[in-house]
Each structure stands twice: as C-alpha cells, then as structure tokens.
Amino acid sequence: MARPFKLPDLGEGVHEGEVLNVLVSVGDHVNEGDPILEVETDKATAEIPSPFTGKVEEIKVKAGETVQVGDVLMTFSDTEGGEAKPAAEAPPKKEEKSEKMEEKKKEEEPEKEPEKPKEKKKPPEKEGEGPVPASPATRRVARELGVDLREVSPSGPGGRVTMDDVRAFAEKGKAEKAEEKAPPEREEKERPEARPIEEKAPEMPDFTKWGEVERVPVRSIRRATAKQMALAWSQIPHVYNQDMVDMSKLEEFRQKHKKEVEEKGGKLSVTVFALKAAATALKQHPRFNASLDSGAGEMVLKHYYHIGVAVNTEEGLVVPVVRDVDRKSIVELSIELNDLVQRTRERKVKLEEMQGGTFTITNVGPMGGGYFAPIINFPEAAILGMGAARMQPVVIEREKGKYEVVPRLAMPVVLSIDHRILDGADALRFMETLIDSLEDPEEMFMTMT
C-alpha cells in the first residue's frame, strides 16, 4: 500500500517553500531520516528527511516548483517507521465451523449491559480525515478559547487554520449568543451601505496591448522579501531620523587593529562597530528593543539583544541574526559576522539563524550608497540604515568663538522607528547614544580579546 508524504509544518509563519533539488529517484530504497528533498523556505535552505524506511514509488514535485504545507511530495511503498502501521488483518474464519458451535459460544458469553446514556462513544473519524493543518501556537489558542479546529474555515495556504481564523470563529460564537439574549431592537432608518476601508489590490491591466511582455515568477528570496516588506509597510507607521557620524577616529582605530583581527579569522568592518554601538543604545533605550502586540494591546520588551544584519546576495536581501551582541567583544563579533555573511551568500545559513531578531542594521556603504530610508523588519520596532563614509568639510570650534573648517570622514545614518510606540524625541536620544559610541571607539571598544 502506497503511503503519501506531505510537506510538514516547518515552523511558525512558514507556509510554503520552493523545491531546489530532488535527492532521490523512483525505485530508490531510503531509510527513515535520509534526506530526500532540498526546499528553500523563508530565505533558508532546508533538507527534508524521509519519514519512512521503504521504496520511493512516485515523485510528485520537481525542482523549481513552489509547494504548500500539506502538499503531497512523494509516495512510498514497503514502508517501515513514520506513522503507525495498521494492525494486521485477522485471518478469515474457517467455513467448517458448525452452527451449533457458534450457538454454544453465544450461550457461554455473558450478556452485555446496555450502554448508559452518558457513556456516548466518540464517533469514528471519517476515512481519510487527518489532523487539521495548524501550528502549535494556533492549536493552543483554540484549546484556550474552546474552539474545535474542524469547525473553523481555514484562510491560510494549503487549507491551514490561522490564529486569526480561530479568534474570528470564537468572536462570532460570542456575538451569536449575545444576539440570542438581546431584546428585539426598534426598526432603524435605512442607512447607506457601508464599504470596507481596506481595498484589495486592483487587477493588473493587459500590458500586451502596448507591446511585448515577459512574465517571470517571483520565487525564493524575492518572494519572501515581497511578503515581509508589504506586511511591514501596511502594519507599521514609519518615522525617520537622519544624522551624520564623524568616523575619523573610528577609521583610525579600525585600520590600527584590522590586521590583528584578520589573523584571528575576522573582518573588522564598520558594521561590526555598529553592532556594538547599537547594543549599547538598545540597553539604554529599551523600547527600541520591543515589539507592539496590537492584538493584545501590549508592548513586548525583550531582555536580549539579537541584531539582524542585512546581507546582499545574488538572490536578494537576507537578514541573518547575531545573538547576544551585548555579551561579545569586537573580535568575537568580527569573526562571527564574517562567518555568518559568507554562509548566507553561499545559501548555507539555517532558518533558525534568521529568526528572533530584536533590531536590524542595513549598511549600503560598501556599495557606495548615501542616505536612504530602510523599512522596519516586522515585528521589530526600529532599523538603522548606514551609508558610505566620505570626506566632507566640517566646521569645528577650536576655541570659544573661534571656528575652523576641516576635512572629516562623515557617514550618513538614518533611523526608522515604529511611531506607534516611539516618538521623534526617542529617536533623537537613541541616535545621540549611537553616534557618541561610534565617534569615540577608544572609550567604547577597548575589549579586543
């Protein structure tokens, strides 16, 4: 009997993936746990292991296809492991048994008491009916609200029930009960028909009317980026604060220790110093290290400092996360970030290495970029954008009332904030702490071990 293998739940918020490579062929014998597919999900590549020991009977996907959680990927025969095997069928009864023996057996069996009304047996599940596709967090919410997932209409991809589906179902039930108890209302005057404020995206025009076109599927990293940016822009009201950082002392410090760090396997980039400076500012201004849970009406303040770093790859922008930045030295950060960036560009970074960030840094300086306003990485509350440092004329005060124009290495920075929980004054104070750290490296980054 063929046993289907479906794309499993790969983590909260991951509903689909792109098949990069099929590692087996029809007829191959595989053991439980052997890798059978490579799938890219939410910017990370993951090997999918076989849930069975057996023979590959049919492969239903190929490289380049996008699959949803719950889609059948392949089928197996002669299987062991995985889901529990059905019990072996009982051997057929021999026809030679006489009717007298059957009657005698019935007489010897004690009469069964009739079932009591309270002891109703649970109806058997319908044939082919499996568990409702839903994440562990969604199942927990359903249990808390007393909602049967089988009664909820799914809105997620692949028939997946989301938290919003469960909450909407629960609210609908409360509203129906309230209507039953409420007294009949008086007839109201006819009101104009209400329309939803949020409108769906309009349909695209037929571009072929004006010339030749080509349609290219949006896949992989670019698809995940499109979804994430649309979510962030629709949910977070952005406000921006920009300034300049005098990088003269830091660049001198960086050049002085650059070779020493490279010998230890690191790369002493400006982003490494920005990581440390950001951790200092986040500790002093904790609301920048928070997320707004609008559904609960609460601000989630995180007491850890995991900072994401935007990495430009051939496939698009990817944001791996550096953990516990506040506990690591400049050398440790330079080594870890160098390794993380290399593995990200080689598509070897793991999904969990891109999760749990509390703040993000994006640096376009190496590509020559200047001022730019980055979009916050939802559900974070802020992001720092850095441009290229260039020599610029700066007015400084040598003595009281005496000024001088001197060349200084200046770097543009832009801070984007979530205006629901942060204000412009907060951004100014955060930026002041950050700039002070970057402009005085000897004071802030003495630990080079």
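Visitor: How much accessible surface does the protein chain have, and what share belongs to carbon and sulfur atoms?

Guide: Accessible areas are computed by the Shrake-Rupley method with a 1.4 Å probe, and for residues only the protein chains shown count as cover. Here the protein chain has an accessible surface of about 29,700 Å², with 51% of that belonging to carbon and sulfur atoms. This is a predicted model, in which local features need pLDDT of at least 70 and side-chain atom pairs count only at pLDDT 80 or more, while totals for chains, interfaces and linings use all residues. Residues are numbered from 1 along each chain as its sequence is written, and side-chain values use heavy atoms, with hydrogens and water left out.

Visitor: What percentage of the residues in the protein chain is buried?

Guide: A residue is buried under 20% relative accessible area, exposed over 50% and partly exposed in between (1.4 Å probe, protein chains only). Of the 449 residues in the protein chain, 37% are buried.

Visitor: How many helices and strands are there, and why does the span of helix 8 agree with expectation?

Guide: Helices (H or I, at least four residues) and strands (E, at least two) are DSSP runs, numbered from the N terminus. The protein chain contains nine helices and 19 strands. The expected span of a helix is 1.5 Å times one less than its number of residues; helix 8 (residues 424-439) has 16 residues and should therefore span 22 Å, which agrees with the 22 Å between its end C-alpha atoms. Among the buried residues of helix 8 are D426, F430, L434 and L438.
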